[in-house]
Amino acid sequence: MMKTPRRLLFSSLIVFGITAPAFGQDAAPMTYEFMIGNVWMLFATALVFVMHLGFACLEAGLTRAKNTVNILTKNIGIVAIGVLTYAIIGFNLMYPGDAFVGKLFGFGGFGIGTDAAGVTPAYNEGYTYWTDFIFQAMFAATAATIVSGAVAERVKIGSFLIFTTFYVALIYPIIGMWEWGEGFLDSKGFHDFAGSTIVHSVGGWGALAGVIVLGPRIGKYVNGGVRPIMGHSLPLATIGAFLLWFGWFGFNGGSVLSADPAGISLVFVTTTLGAAAGIVGAMATSWIIQKKPDLTMVLNGSLAGLVGITAGADVITPMESIIIGAVAGVIVVLSVLLIDRLRLDDPVGAISVHLVCGIWGTLAVGLFAAGDGRSFLVQAMGVGLTALVCFPAALLIFFLLKITIGLRVTPEEETLGLDIGEHGMEAYAGFEIFTTQ
Amino acid sequence: MKLVIAYIRPEKLNDVKQSLFKAEILKISVSNALGCGEEPNYFENYRGAGAEVDLHKRVRVEAAVNDQFVAKVIDAIIAGAQTGGVGDGKIFVLPIDDCVRIRTGERGNVAIG
């Protein structure tokens with residue numbers, strides 16, 4: 001999703017089609033390419049927005065009824081924090097433009113705004129400055145939402161929102177700049193089309209750090225055994241997985257950054273085949289290991305396929321996307337089982353889906369689409385450097401919260417449910433909820 | 001006056017209701033229940049973590065009747081709920097000290113019928 005360098009645009013503009021009124025003296029004339037591209041990018045933005053509803057449904061469904069208000073509050077809060085911090089600081093950290101202090105870090109100043117040229121093809125052949133911002137802002141919030149599911153059912157709501165603010169305002173844009181903001185990973189030839197690493201692994205590292213600092217939910221690991229803590233609404237979780245898949249058409253399709261017919265149609269195909277293969281891979285693996293197909297694993301499989309395909313959706317062939325998706329589906333089931341054995345309690349499988357399959361998808365670009373500047377080694381380097389920054393940073397933020405205002409609710413509150421403890425309300429007032437754990 | 005409490009298979013509730021109504025026992029209350037007896041446990045598996053389920057879903061049917069109706073209630077419940085398999089349930093008969101119809105304040109045998 002690397003944008004065309006802004007400083008080159010004025011000299012390298014290819015203008016064809018109709019000529020519309022220009023805004024300002026140095027603005028380029030409107031073109032069909034610009035107008036259609038801009039509409040597509042805004043539509044893709046709305047699709048990415050729907051992914052937040054998908055996350056909310058999936059996480060609520062895979063956790064217990066007594067924590068539903070809490071998880072929904074986190075999910076809507078994250079979207080707001082993500083968009084607001086991106087407007088204030090994130091966008092200019094991720095895309096510093098000419099205000100570089102190097103290939104590692106840059107900052108273009110606080111706030112957003114543009115001159116008249118920013119809403120013409122002079123800014124970009126495919127979209128305006130505002131479209132650029134809102135599409136990227138919608139992405140930013142997804143990285144933080146990934147953490148929410150992993151730390152569910154035991155994290156204090158205030159502490160979590162503070163973590164989210166720092167992580168999405170600072171860590172996500174700095175990593176993103178390395179690749180999409182003309183940073184050093186981009187110049188080395190690292191390829192992460194729509195963010196297997198830049199979005200999903202960044203969120204995944206945060207999730208892993210949170211799970212480690214928090215510890216498991218009460219009742220998950222008892223007398224050396226792993227106990228199931230069942231999600232309270234698999235229909236809701238399934239709606240969530242479908243909505244995430246739906247939104248992914250915008251996540252990957254929009255990352256083409258134009259309405260280029262060849263680009264967006266190929267990306268729709270690879271994205272869909274990846275998800276489908278992920279489902280089949282996860283279903284088969286779950287069927288073999290668990291004796292029966294576990295719906296929650298199959299849902300994770302669809303998302304695993306999508307995360308896996310995200311890094312290379314524009315450079316791999318449809319047949320390769322099936323292989324990448326299927327492998328992601330197998331990996332995600334094995335990873336969920338392994339992470340549970342390691343006593344890392346991730347209620348929704350966020351670490352397996354976003355971190356493990358994000359790494360797989362990024363490396364898969366080096367395996368299937370090497371050449372043309374791309375190599376396995378550089379892909380691995382990108383994965384490693386992202387880990388090197390994100391994991392310690394997330395650990396540090398969580399640890400500081402733990403020793404200051406506290407990160408985890410009391411055991412009494414956890415048992416009663418965070419809905420009552422953190423919010424003083426219940427999600428299903430008037431319905432009988434049967435609670436034995 | 002006696003209180004007859006039966007724990008039956010959920011899927012047999014309709015049969016029990018029909019046979020009770022046929023025996024002209026028209027006043028019952030029904031609630032969900034969990035219980036264990038001789039029926040074997042079954043296993044659930046959620047995301048790789050197994051759990052043995054030893055509490056089975058049952059339905060509790062209660063009928064408060066005058067003494068001469070107790071045999072009819074028991075026969076009707078058996079007729080409706082019996083499959084012959086382990087887990088058909090149990091019937092308990094308890095004495096009732098008193099009964100009050102809230103609408104009128106009537107007590108005892110008059111109130112129960």
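Helices (H or I, at least four residues) and strands (E, at least two) are DSSP runs, numbered from the N terminus.

## Basis of the model

This is a predicted model, in which local features need pLDDT of at least 70 and side-chain atom pairs count only at pLDDT 80 or more, while totals for chains, interfaces and linings use all residues. Residues are numbered from 1 along each chain as its sequence is written, and chains are lettered from A, and ligands numbered from 1, in the order in which they are written.

## L42 of chain A

L42(A) belongs to helix α2 of chain A, residues 32-61. With 18 other C-beta atoms within 10 Å, L42(A) is partly exposed (buried means 20 or more such atoms, exposed 12 or fewer, partly exposed in between, with C-beta atoms placed from the backbone). Between the C-alpha atoms of L42(A) and F190(A) there are 27 Å, and along the chain the two are 148 residues apart.

## Two helices of chain A

Helix α9 (residues 261-290) and helix α10 (residues 295-310) of chain A have axes that come within 7 Å and cross at roughly 140°. Axes are lines fitted to C-alpha atoms, for helices over the stretch in contact, and angles run from 0 to 180 degrees between N-to-C directions. α9(A) and α10(A) are therefore oblique to each other (under 35 degrees counts as roughly parallel, over 145 as roughly antiparallel, 65 to 115 as roughly perpendicular and the rest as oblique).

Residues are in contact if their C-beta atoms, placed from the backbone, lie within 7 Å. Among the contact residues are G274(A) and G278(A) of α9(A), and G301(A) and G305(A) of α10(A). The contact of α9(A) with α10(A) holds 10 nonpolar, 11 polar and no charged residues (Ala, Val, Leu, Ile, Met, Phe, Trp, Tyr, Cys and Pro count as nonpolar, Asp, Glu, Lys and Arg as charged, and the others, Gly among them, as polar).

## The sheet of chain B

Chain B has an open sheet of 4 strands in the order β2-β5-β1-β6, with antiparallel pairing; strands pair if DSSP finds at least two bridges between them. β2 (29-35) and β6 (90-95) of chain B are at the edges with a single partner strand each, so one side of each has no neighbour in the sheet.

β2(B) pairs with β5(B), residues 56-65, over 7 bridges in the antiparallel sense. V61(B) in β5(B) is the bridge partner of V30(B). Helix α2 of chain B (residues 70-81) packs on the sheet and touches β1 (2-8), β5 and β6 of chain B.

## Where the chains meet

The contact takes 12 residues from chain A and 7 residues from chain B. On the side of chain B, β3(B) gives the largest share, 3 residues.

Definitions and conventions: Two residues are in contact if their C-beta atoms, placed from the backbone, lie within 7 Å.
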